[in-house]
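Subject: Structure handover and findings

Hello,

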Amino acid sequence: MRTLLTDSPEEAAALLNQGKLVAFPTETVYGLGAGIDFPEAVEGIFRAKGRPSDNPLIVHVADVRQVETAAARITPDARRLMERFFPGPLTLVLEKSPMVPPAVTAGLDTVGIRCPDHPVARAFLSLCRCPVAAPSANRSGRPSATGWEAVQEDLDGRIDCILKGEASRIGLESTIVDCTGEAPVMLRAGAVGLEELQLVAPSTTAALRAPAGEAPKSPGQKYPHYAPRARVVAMEQGTVSGHEEPAAYIGTGTPPQGMALARLCPDLETYARELFGFFRECDRRGISTICCQLPPAAGIGRALRDRILRAAGGH
Ligand code: TXA
Ligand code: MG
């Protein structure tokens, strides 16, 4: 299959409305979209990514009104969170309505819903005739794509179209909050921090990892995400030992001695925006070890720590 590159939301939406697979920019990471009314296209997402079929997709909507059609029940806390954070980098897990097919939710009776805050994404979604199911636009297990070039690197020839936009402003995937129970539960950390959620819904708690022996609430929690080919080492301090050369460093502190490549970020927002692109750059340059400074677990720091520790897989 030939993958069309375009910067026209009209052209991209016309393809999606014919049941094609279209990658599109959002402020978090690029998404790989299919209309939820096209079950074969939805299945095609899993094939193109090499994604396990038990991992549900997030449904993307152009406006808050569409949430009402995709969700069967919206709790008062969910409504408050939507009012405060939609459009934005937040996904709410809600009871699904019958219009969302099981292929999208991997058979679950809940659905993750997100309304992106990105001008190109909103233009595209508003031209799509149904809500758009979309995971991150990377091959399964690879770092999420934060620019259209990364989408092309992973998916060229496997999808119909890439809607080009600028690099994603945030660079980490959305915060996921399960609003189907009595109190909201944060399942994935993102740019909307736990502290901010609690200002709107004070009973919100976090469960980023399933307790040992329990099935994860979010199927994605059990997969080792975000891994470059190089070995990732998480560092609390400015020193690193026993690493394989050539090594690279990314963080906000002074890089350790002897790094072949170093990215010193002025703040945590820049660190978040650049992390996945840096992972890909290191792979292209044949780096063996990537040393990542671990930021404090607050605000976007919690999301960064989570992605780094997953990529490090315990190192
Ligand atoms: O920022 C984002 O959320 C990006 C952009 C494209 O919107 N999307 C994204 O999708 O990161 P994906 O598929 O890479 O990650 C979605 C995560 C998975 O871990 C999945 O298990 C979880 O959301 N998820 C989806 N639906 C769910 C549900 N009904 N209940 C619990 N977890 C769900
Ligand atoms: Mg993903």
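The notes below go from the whole chain down to single residues.

This is a predicted model, in which local features need pLDDT of at least 70, side-chain atom pairs count only at pLDDT 80 or more, and totals for chains, interfaces and linings use all residues. Residues are numbered from 1 along each chain as its sequence is written, chains are lettered from A and ligands numbered from 1 in the order in which they are written, and side-chain values use heavy atoms, with hydrogens and water left out.

Overall shape

The chain has 10 helices and 16 strands. These are DSSP runs numbered from the N terminus: helices are H or I with at least four residues, strands are E with at least two. The C-alpha atoms fill a box of roughly 55 × 50 × 35 Å along the principal axes.

Buried residues make up 57% of the 315. Buried means under 20% relative accessible area, exposed means over 50%, and partly exposed is in between (1.4 Å probe, protein chains only). The accessible surface comes to about 13,100 Å², and carbon and sulfur atoms hold 50% of it. Areas come from the Shrake-Rupley method with a 1.4 Å probe; for residues, only the protein chains shown count as cover.

Take the contacts between residues at least 6 apart in sequence: 67% of them join residues at least 24 apart. A contact means heavy atoms within 4.5 Å.

There are 34 positive and 36 negative side chains, and the centres of the two sets lie 2 Å apart. Lys and Arg count as positive, Asp and Glu as negative; His and the chain ends are not counted. Each charge is placed at NZ of Lys, CZ of Arg, CG of Asp or CD of Glu.

Helix 2

Helix 2 covers residues 39-49. Its buried residues are Ala-41, Val-42, Gly-44, Ile-45, Phe-46, Ala-48 and Lys-49. They pack against strand 3 (31-35), helix 5 (102-105), strand 8 (132-134) and helix 7 (148-155). Gly-50 follows the helix, with a positive phi near 70°.

Cysteines

A disulfide is a pair of cysteine sulfur atoms within 2.5 Å. By this rule the count is zero. Cys-115 is in no disulfide, and its nearest cysteine sulfur, in Cys-128, is 13 Å away. Cys-115 counts as buried, at 1% relative accessibility. For Cys-291, the closest cysteine sulfur is in Cys-292, at 7.6 Å, too far for a bond. Cys-291 is buried too, at 0%.

Cys-130 sits in the loop between helix 6 (119-127) and strand 8. Its relative accessible area is 5%, so Cys-130 is buried. It touches Gly-35, Ile-36, Asp-37 and Gln-66, leaving out residues up to four places away in sequence. Cys-130 and Asn-17 are 113 residues apart in sequence, yet 8.1 Å apart from C-alpha to C-alpha.

Backbone geometry

Most residues other than glycine have a negative phi, and most peptide bonds are trans. Some places here depart from that pattern.

The bond from Phe-86 to Pro-87 is cis, with omega near -10°. Pro-87 is in the loop between helix 4 (76-85) and strand 6 (90-96). The bond from Glu-245 to Pro-246 is also cis, with omega near -10°. Pro-246 is in the loop between strand 13 (231-235) and strand 14 (247-251).

Ala-106 is not a glycine but has a positive phi of about 55°. It lies in the loop between helix 5 and strand 7 (110-114). At 27% relative accessibility, Ala-106 is partly exposed.

Two further loop residues

Gly-181 lies between strand 10 (175-178) and strand 11 (185-188). It is partly exposed, at 39%. Gly-181 and Val-93 are 88 residues apart in sequence and 9.9 Å apart from C-alpha to C-alpha.

Ala-227 lies between strand 12 (205-206) and strand 13. It is partly exposed, at 26%. Residues up to four places away aside, Ala-227 touches Gly-141, Arg-142 and Pro-143.

Best wishes
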